[in-house]
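Work through the exercises below with the sequence and the 3D structure side by side. Try each task before reading its solution.

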Amino acid sequence: MENNWKDNKAIAESDNRDERAKLSRQEDLPADLIEKLANDNSSVVRSNIAQRNDLPSNLVEKLTNDKHKHVRGTIAKRKDLPSNLVEKLANDKHEHVRYNIAERDDLSGDLIEKLSNDKHKLVRSNIAQRKDLPGNLVEKLANDENFHVRLFIAKRNDLPGDPIEKLSNDEDREVRCNIAVKKDLPSNIIEKLANDKHEHVRALIAVRKDLPSNLVEKLANDENFYVRIFLADRNDLHNNLVEKLANDKHESVRSTISVRKDLTEEVKAILKKHN
């Protein structure tokens, strides 16, 4: 045991960073070697120490003040981080650290609100994904200047009406696509997105089970074949629309119709005519 400690001490004092990094991950390290490696000149070694379950509180606090962002960022992920250090790292100068803090389950309401106003989009994006995000901050981030933040808000299952309305008019297609697939969309939003300028949004509307018949017919006449393909896959198409799409000028639309199990002899004849 004595020899093992001496060997480990020799490694901790060596110039070989890889060996010191390996040692810093070793279980059952004596407290004096943990402390020594917490002061190592390599951020890799210190980051490894920052992950240890047996790290004493004084070294947790010490590494909270580490000069390297990755060490502080590692500390930010610790489940045993006391609230005063959580708050300290929520004010860290580097977004990498604040990003990790924004993921914590134990964030106070004040810190959630603070980080929702963070200057860096990645931090705000993390906040936008929180299950405990209050409604006023959901609405606030739905108006964020960065589309990634708005996209994460659009993906939420708990969106109230006003943000849905706002995001259904978003300038970014991907945001509107995420609104188009939401359950229980108001009928006016469905109709608006059925008239969206981008075919991907209209295509997602085309497969909604709650799409009213007038919009089904409208999208069967959509100028973009991609939308008509999606519509052709609906199980509830009336025969007149099945016949219409069987006559579609685009082969992929006709192909989608051809695999339907409810084809009449008339539709089969139409499809055969195009072969």
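Contact means that heavy atoms lie within 4.5 Å, and helices (H or I, at least four residues) and strands (E, at least two) are DSSP runs numbered from the N terminus. The model is predicted, so local features need pLDDT of at least 70 and side-chain atom pairs count only at pLDDT 80 or more, whereas totals for chains, interfaces and linings use all residues. Residues are numbered from 1 along each chain as its sequence is written, and side-chain values use heavy atoms, with hydrogens and water left out.

**Exercise 1.** Describe the overall form of the chain.

*Solution.* Begin with the secondary structure, which comes to 21 helices and 0 strands. Finally, look along the principal axes, where the C-alpha atoms fill a box of roughly 90 × 40 × 20 Å.

**Exercise 2.** Find which residues of helix H6 are buried, and state what covers them.

*Solution.* Recall first that buried means under 20% relative accessible area, exposed over 50%, and partly exposed in between, with a 1.4 Å probe and protein chains only. The buried residues are Val71, Arg72, Gly73, Thr74, Ile75 and Ala76. Their cover includes helices H4 (43-50), H5 (57-64), H7 (83-90) and H8 (95-102).

**Exercise 3.** List the contacts of Ile101 beyond its neighbours within four places in sequence.

*Solution.* Leaving those neighbours aside, Ile101 is in contact with Ala76, Leu81, Val86, Leu89, Ala90, Leu107 and Leu115.

**Exercise 4.** Locate the aromatic pair and describe its geometry.

*Solution.* Ring centres of Phe, Tyr and Trp (its six-membered ring) must lie within 6.5 Å, and planes under 30 degrees apart count as stacked, over 60 as edge-to-face and the rest as tilted. The whole structure contains 1 aromatic pair. Tyr226 and Phe230 form this tilted pair, with 4.9 Å centre to centre and 50° between the planes. Both residues lie in helix H18 (residues 225-232), 4 residues apart, about one turn of the helix.
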